[in-house]
Amino acid sequence: MACPSVDIYDVGSPDWLSNTELLDGLESQATWVGINSRKHDQGRELTRIATGSAAERAGLLPGDVLTAVNGTADLSFDGINADEMATLTINRSGTSLDLKLTMGRADPVHFALADVFESDINGCPNTQLSRASHILQRVILTNVLTEDRAFRCDDAHEALAFMGQEYHIGEAYLVRGSRRVLLTIPHFGTTCIAAADLDGSNLTKENTLSFLMQAAENLIQYQEDNP
């Protein structure tokens with residue numbers, strides 16, 4: 001049986017907050033290129049370019065073969081910080097090209113969720129990370145925020161119940177506020193947690209898995225209350 005695919009979308013933060021400043025204030029930090037690849041005799045063949053990623057902005061395409069990063073055969077991107085520029089050498093249809101990539105940054109919880117999905121829930125290395133489109137971001141933020149700009153933690157699943165009909169199984173959406181992080185999974189549930197509880201030494205696989213399981217508990221309770 002093929003591994004099921006899980007797409008985790010970073011929705012970001014409401015318009016009146018700076019997502020960059022919120023991420024700057026975290027103890028945990030993460031960078032993001034936005035590629036999936038497989039081994040190739042010349043390096044790594046790119047199989048997927050994530051929407052909204054640094055790789056997409058740099059002009060990388062599926063089928064490109066990455067042969068060097070900053071002139072070296074180390075293709076791991078280790079040591080390149082967010083907003084730093086790297087020179088990527090690729091082979092595209094037999095032609096060698098140099099592309100400039102400005103390293104992106106990711107919400108560290110985004111990566112933690114992907115790790116849990118692959119190892120503890122999905123069991124397959126088939127989890128994709130992407131940025132939510134502006135339209136999807138607007139839809140989600142409109143429904144998870146109250147009129148006084150607070151997360152609807154107590155009734156967020158009810159507010160987003162329509163997503164179970166409009167969006168696909170296997171999608172998850174992460175929203176970051178100034179004090180809380182909210183996660184919604186259509187057909188599964190919605191929950192939120194204090195941002196500090198998923199940062200630094202608290203950003204563990206156990207705590208992230210608990211974050212996911214709380215979404216399931218919220219959904220079960222919602223179904224019991226609304227038979």
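Is Asp64 buried or exposed? Asp64 counts as buried, at 2% relative accessibility. The model discussed here is a predicted one. Its chain has 227 residues, of which 45% count as buried, and the secondary structure comes to seven helices and twelve strands.

**Overall chain**

- The chain exposes about 11900 Å², and carbon and sulfur atoms supply 47% of that area.
- Contacts between residues at least 6 apart in sequence join residues at least 24 apart in 55% of cases.

**Salt bridges**

- Side chains of opposite charge can pair when their charged atoms come close.
- The count of salt bridges in this model is seven.
- One of them is formed by the side chains of Asp15 and Arg138, with an N to O distance of 2.8 Å. This pair links distant parts of the chain, 123 residues apart: Asp15 is in the loop between β1 (6-12) and α1 (19-24), while Arg138 belongs to helix α4 (residues 134-144).
- Asp15 is exposed, with a relative accessible area of 54%, whereas Arg138 is partly exposed at 45%.
- Arg38 and Glu45 form another salt bridge, in which the closest N and O atoms are 3.3 Å apart. Arg38 is partly exposed, its relative accessible area being 47%.
- Asp64, the residue of the opening question, meets Arg92 in a salt bridge of 2.8 Å, N to O.

**The five-strand sheet**

- Strands of a sheet pair through backbone hydrogen bonds, either parallel or antiparallel.
- Five strands make up an open sheet in the order β3-β4-β5-β6-β7, and their pairing is antiparallel.
- The edge strands, β3 (35-40) and β7 (95-102), each pair on one side only.
- From one strand to the next, the twist averages 40°.
- Strands β6 and β7 run antiparallel and are joined by eight bridges. Asn91 stands opposite Ser96, a residue of β7.

**Thr89 in strand β6**

- Thr89 has its place in strand β6.
- What is the relative accessible area of Thr89? The value is 16%, and because buried means under 20%, Thr89 counts as buried.
- Beyond its neighbours within four places in sequence, Thr89 is in contact with Val65, Leu66, Thr67, Ala68, Ser96, Leu97 and Asp98.
- The C-alpha atoms of Thr89 and Val69 are separated by 6.4 Å, although the two residues are 20 residues apart along the chain.

**His110 in helix α3**

- His110 is found in helix α3, which covers residues 108-121.
- His110 counts as buried, with a relative accessibility of 0%.
- Which residues does His110 touch, not counting residues up to four places away in sequence? They are Ile8, Tyr9, Asp10, Leu129, Ser130 and Leu174.

Definitions and conventions. Residues are numbered from 1 along each chain as its sequence is written. This is a predicted model: local features need pLDDT of at least 70, side-chain atom pairs count only at pLDDT 80 or more; totals for chains, interfaces and linings use all residues. Side-chain values use heavy atoms; hydrogens and water are left out. Helices (H or I, at least four residues) and strands (E, at least two) are DSSP runs, numbered from the N terminus. Buried means under 20% relative accessible area, exposed over 50%, partly exposed in between (1.4 Å probe, protein chains only). Contact means heavy atoms within 4.5 Å. Accessible areas come from the Shrake-Rupley method with a 1.4 Å probe; for residues, only the protein chains shown count as cover. A salt bridge is a side-chain nitrogen of Lys or Arg within 4 Å of a carboxyl oxygen of Asp or Glu. Two strands pair if DSSP finds at least two bridges between them. Axes are lines fitted to C-alpha atoms, for helices over the stretch in contact, and angles run from 0 to 180 degrees between N-to-C directions.
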